[in-house]
Amino acid sequence: MTDWKSAAVSAEDAVAVIKSGDRVFIHGAAATPAPLLEALTARADLEDVRVYHLHTNGPAPFADRGREKEFRSVSLFTGQPLRAAIAEGRADFVPIFLSDIPQLFLSGQIKLDVAILQLSLPDAHGQCSLGTSCDAAKAAADMATLRVAEFNDQMPRTYGNNVVPLNRVDRWIHTNRPLLGHESPPENPIEARIGELIADLVEDGSTLQMGIGGIPNAALARMMEKRNLGVHTEMFSDHIIDLVEAGAITNHLKKVGTGRITTSFINGSQRLFDFVNDNPLVSFYPCNWTNDPVVIRSNPKVVAINSAIEIDLTGQVCADSIGHRIFSGIGGQVDFIRGAALSPGGKPIIALPSKAMGGRVSRIVTELKPGAGVVTTRGHVHWVVTEFGAVNIHGMTLRERGEALISIAHPDFRAGLTRDLCRIRHFPCPPEYGPLEE
């Protein structure tokens, strides 16, 4: 179809194909198709529509109170719009590695009736790209019975294994609107110090994986003098651009995707969207490939920078929940922590501030909160970084790793953690920490 614009319909007509009982995938992050979601949730004639998604940007009206009989949100990785709904039992959460999500759709374990996508405009060959988010959307687009799309003039055309042919899109709307992006706040002093410590661990020629947030951004900001860095990651944000422009990122030494930044999705500002648009330097791939530890380990000196909510004295990392309350998801942390550990010269890093809740609680704890999810096991963990230092606990005994982690805990909590460790591991407590608690 050459005149695709004339075949565009209203958002209301586009989502009219969705029926009660359907299983629907929603494109996520900056690619969240907001106009189609608004039209879908404006309908009052639906029941029991299951909505599968990762993190979405902007409102999530399908999870609003009072819509429970019509829509059931199923988060494969969640964010702020869904946390209350999950906590209140109005929505569901699936704990799953990011690398495993596409197979849910490809195998037919979850049979999708409709995929709702935001795509770049069709090119002269009738091909569209998944733009800013390939992740699990490629599998959803391939396996859904029907595809409903928003063709947005402002969605970047991106390269990689992320093509959706126009002749496979069943209904579409045409928009011209800014993407729902993410602006990074200025770093704080704690993030700055953690960023310095992480940057000190990064050697020239390393392959980087990092998430979004203050700590990864602070670390990247301190790598401007590095040379021949590469990027193979599940996602990245604006600070990568600075390193490319400074000549620090060249991707020359990567073994997989040599010469290119490899990612599965991006989330950031308009500057980032402009950077990836029609840029062959950046390749987008499904997350079952980018996050495959076999692929990750093939690159040299993989440095995986991941965050945590809390870590116990044995090294167990909780990164997806605060007790029973789901905060995010497993995501790609374990995929990259393991891949980095197997990479020649690789460094898996868990980074977190030493305390939380205004300084009232330590994030290095004797034991995880009841209900806390162990995302990364103590067998996976190598480097742990707080603003008080960096320690590598891999290969240490339970007592040794406890002592190492206490050494980078906030000083306000070290005495209590030391007493707990002495009690649990049955060794005499240094007199300066006082008697053990019964």
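Which residue of strand 26 is the bridge partner of Ala 351? In this predicted model, the partner is Val 385. The two strands concerned are strand 22, which covers residues 347-351, and strand 26, which covers residues 383-386, and they pair in the parallel sense over three bridges. In general, the strands of a sheet pair through backbone hydrogen bonds, in either a parallel or an antiparallel sense.

The largest nonpolar core comprises 71 residues, of which Phe 105 and Met 223 touch the most other members. The greatest contribution to this core, five residues, comes from helix 6, which spans residues 189-201. When residues up to four places away in sequence are not counted, Met 223 touches Ala 199, Val 202, Leu 208, Leu 229, Leu 243, Ala 248 and Ile 305. Another core, of 28 residues, lies apart from the largest one and includes Val 15, Val 24, Ala 39 and Ala 91.

With regard to cysteines, the structure holds zero disulfides. Cys 128 is in no disulfide, and the nearest cysteine sulfur, which belongs to Cys 134, is 14 Å away; Cys 128 is also buried, with a relative accessible area of 1%. For Cys 422, the closest cysteine sulfur is that of Cys 429, at 3.2 Å, which is too far for a bond, and Cys 422 likewise counts as buried, at 1% relative accessibility.

How values were computed. Residues numbered from 1 in each chain as written. Predicted model: local features only at pLDDT ≥ 70, side-chain atom pairs only at ≥ 80, totals over all residues. Heavy atoms only, no water. Pairing = 2+ DSSP bridges. Helix = DSSP H or I, 4+ residues; strand = E, 2+ residues; numbered from the N terminus. Core = buried A, V, L, I, M, F, W, Y, C linked by side-chain atoms within 4.5 Å. Buried < 20%, exposed > 50% of the residue type's maximum accessible area, 1.4 Å probe, protein only. Contact = heavy atoms within 4.5 Å. Disulfide = S-S within 2.5 Å.
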